[in-house]
Amino acid sequence: MEIEEHFFRHEFGRIVATLTRLFGVSNFALAEDVTQDAFCRAMETWKLRGLPKNPSAWLMTTAKNRALDILRRERTARVSAPELARLLESEWTLVPTVEEAFSTYAVNDSQLRVMFSCCHPRLSEEAQIALILHILCGFSLKEIAQAFVSSHAAIEKRIIRAKKILAGSTKLFDLADADFPSRLSSVLQALYLLFNEGYHGSSPEAAVRMELCQEAMRLMNLLIEQPALVTSQSYALAALMYLNAARLPTRLDGSGNLVSFFEQDRSLWDHTLIAEGEALLNLSASGTELTKYHIEAAIASMHTSATITEETDWKQIVSLYDMLMAIHPSPVIALNRAIAIAQLDGPERGLQEIRVIHDLHRLSSYPFYPAALGELELRRGNYPVAKAHFSTALSLARNPMERHFLQRCIDTCR
Amino acid sequence: MTEFVYLYRGYEQPASPEEMQKKTAKWMTWLKDLSDKGHVKSLGEPLQPVGKVVKGKKKQVIDGPYAEAKDVIGGYSIIVARDLEQAVEFSLGCPIFEDGGSVEVRPIAPLELGDGN
């Protein structure tokens, strides 16, 4: 029997969250140790004897028994969450309380509470994402450093500080708290950035990191599966992820090279994900709020609903970009808007729009800015100018896939 | 054919869940391959890295498996091979070497001596 992909990672997040709920957030290090210990036992046993019938239950039971040992031995509030301390001190209530914490509902609830706790207002967005990856997705410091093109030392410092802030909280974030709406925005933003990092990766090794997208979607699903917590913006972000994920398989070709959006084989888009994304987009329309997630999901939906590029409703896409610029202006969005305008009204109009982008200098290290200029000049037949832009883009490329892609663009300028 | 014990020495370094999964899968693949070829008599048992050593005429009880971490026996398997040379050859695919561990290959002494076949 094979182990399901990323099984250890996902179980790690479930168990560490459950133990943090029992031991209290101030004893987070203990929760981590007990989880690590359960995994070492699993590895030592399974590697010789093979997988048990239910690996997930095996790990949960190992962690649960270890938690009971510790709680019985200590019999003090020192190792229990303050709100559970009384229940965990008496043998009458100890076992049922621990059993309850390991029930499916409670495990999911604990993961959400940890996720909301990780998005502490005193932490930067980068630190929040790193903490979520570390705790809920079981990424090691090395794996996070690779994911964010950062040095091991920098990530270590960031995580140590973030853990201190987390452990300094009196208890895990309460999902019934009055601060829920504002904390939810931070959580959604963190998951949005995590997904985007996977989708438009700036990593030196890979242009697309599917696993970051998958982790963001897994955590997003936890959030929308809880009816009491779902908001229209959560549905909108989930829709955006599903619709973009549907196009992931075609962003790279068979040799792992980036494929231009216009050249992607649309028959390979994942139609199950598209259907789910559309259903989520409908659900997101229930409220009165209109967030950037709603608009970005609507744009993604315009793309996935066109069977060929020529059928794309560029007029509608341009007006969606106008709305997006109104509520959430950024140079990258302005650039994408200009590209959509070029599709609608021709390359000259696109170039004009690029020239008037506010804060254009913020795109100076973004390879797809000169690449867009190159593409539009190419369409006008200005080969030498196009080539110069693509060469600039090439010098800014962040990974071999981008370099290879831009080199091919240069080659077409002859 | 002779039976051999593989004694696995050396405990793994702490690893991330993803690395643990890869290691576990490598071990499972290696043993399954040997097993499919009919060379595994028993997959054996893993041992926990704790215990006591009882020693000497005074039956002194000492904590721990009484060895350096890299020498602690983490488990064993029973392998069937033509001879020691082949048993050693089968051990070469063991993932333990990637982590600086070792496999001790020991023929099991027979109780009855065979007729040479």
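Student: What share of the 414 residues in chain A is buried?
Tutor: This is a predicted model, so every value here is computed from it. A residue counts as buried if 20 or more other C-beta atoms lie within 10 Å of its own. Among the 414 residues of chain A, the buried share is 42%.

Student: Is A:Phe368 buried or exposed?
Tutor: A:Phe368 sits in helix α18 (residues 368-380) of chain A. It has 21 C-beta neighbours inside 10 Å, and the cut-off for a buried residue is 20 or more. A:Phe368 therefore counts as buried.

Student: How many Å separate the C-alpha atoms of A:Phe368 and A:His152?
Tutor: Along the chain, A:Phe368 and A:His152 are 216 residues apart.

Student: Which radius of gyration does chain A have, and what would a compact globule have?
Tutor: The C-alpha atoms of chain A fill a box of roughly 80 × 50 × 40 Å along the principal axes. A compact globule with 414 residues would have a radius of gyration near 22 Å. The value for chain A agrees with that, at 24 Å.

Student: How many helices and strands are there in chain A?
Tutor: Let's start with its contacts: of those between residues at least 6 apart in sequence, 62% join residues at least 24 apart. As for secondary structure, chain A has zero strands, and its helices number 20.

Student: What pattern does chain B follow along the sequence?
Tutor: Now to the other chain. The secondary structure of chain B comes to two helices and six strands. Read along the sequence, these follow the pattern β-α-β-β-β-β-α-β.

Student: In what order do the four strands of the open sheet in chain B stand?
Tutor: Strand β1 (residues 2-9) of chain B pairs with β6(B) over six bridges, while eight bridges join β1(B) to β5(B). Four bridges join β2(B) to β5(B). The sheet is antiparallel, and its order is β2-β5-β1-β6.

Student: Why is one side of β2 and of β6 in chain B left without a neighbour in the sheet?
Tutor: From one strand to the next, the twist averages 15 degrees. β2 and β6 (102-107) of chain B stand at the edges, so each has a single partner strand.

Student: Which residue is the bridge partner of B:Val5 in β6(B)?
Tutor: B:Val5 has a counterpart in β5(B) as well, where it stands opposite B:Ile78. In β6(B), the bridge partner of B:Val5 is B:Arg106.

Student: Which strands does helix α2 of chain B touch?
Tutor: Helix α2 (residues 84-91) of chain B packs on the sheet, and its direction makes about 155 degrees with that of β6(B). The strands it touches are β1, β5 and β6 of chain B.

Student: Which residue in the turn between β3(B) and β4(B) has a positive phi?
Tutor: Strand β3 (residues 52-55) and strand β4 (residues 60-63) of chain B pair in the antiparallel sense over four bridges, and B:Lys55 stands opposite B:Gln60. The two strands form a hairpin with four residues between them. The positive phi, about 80 degrees, belongs to B:Gly56.

Student: Which element gives the largest share of the side of chain B that touches chain A?
Tutor: Where the chains meet, 19 residues of chain B are in contact with 20 residues of chain A. Elements giving two or more residues to the side of chain B are α1 (17-36), β2 (40-46) and β5 (73-81). The largest share, nine residues, comes from α1(B).

Methods: Residues are numbered from 1 along each chain as its sequence is written. Chains are lettered from A and ligands numbered from 1 in the order in which they are written. This is a predicted model: local features need pLDDT of at least 70, side-chain atom pairs count only at pLDDT 80 or more; totals for chains, interfaces and linings use all residues. Two residues are in contact if their C-beta atoms, placed from the backbone, lie within 7 Å. Two strands pair if DSSP finds at least two bridges between them. Axes are lines fitted to C-alpha atoms, for helices over the stretch in contact, and angles run from 0 to 180 degrees between N-to-C directions. The radius of gyration is taken over C-alpha atoms; the globule rule is 2.2 Å times the number of residues to the power 0.38. A residue is buried if 20 or more other C-beta atoms lie within 10 Å of its own, exposed if 12 or fewer, and partly exposed in between; C-beta atoms are placed from the backbone.
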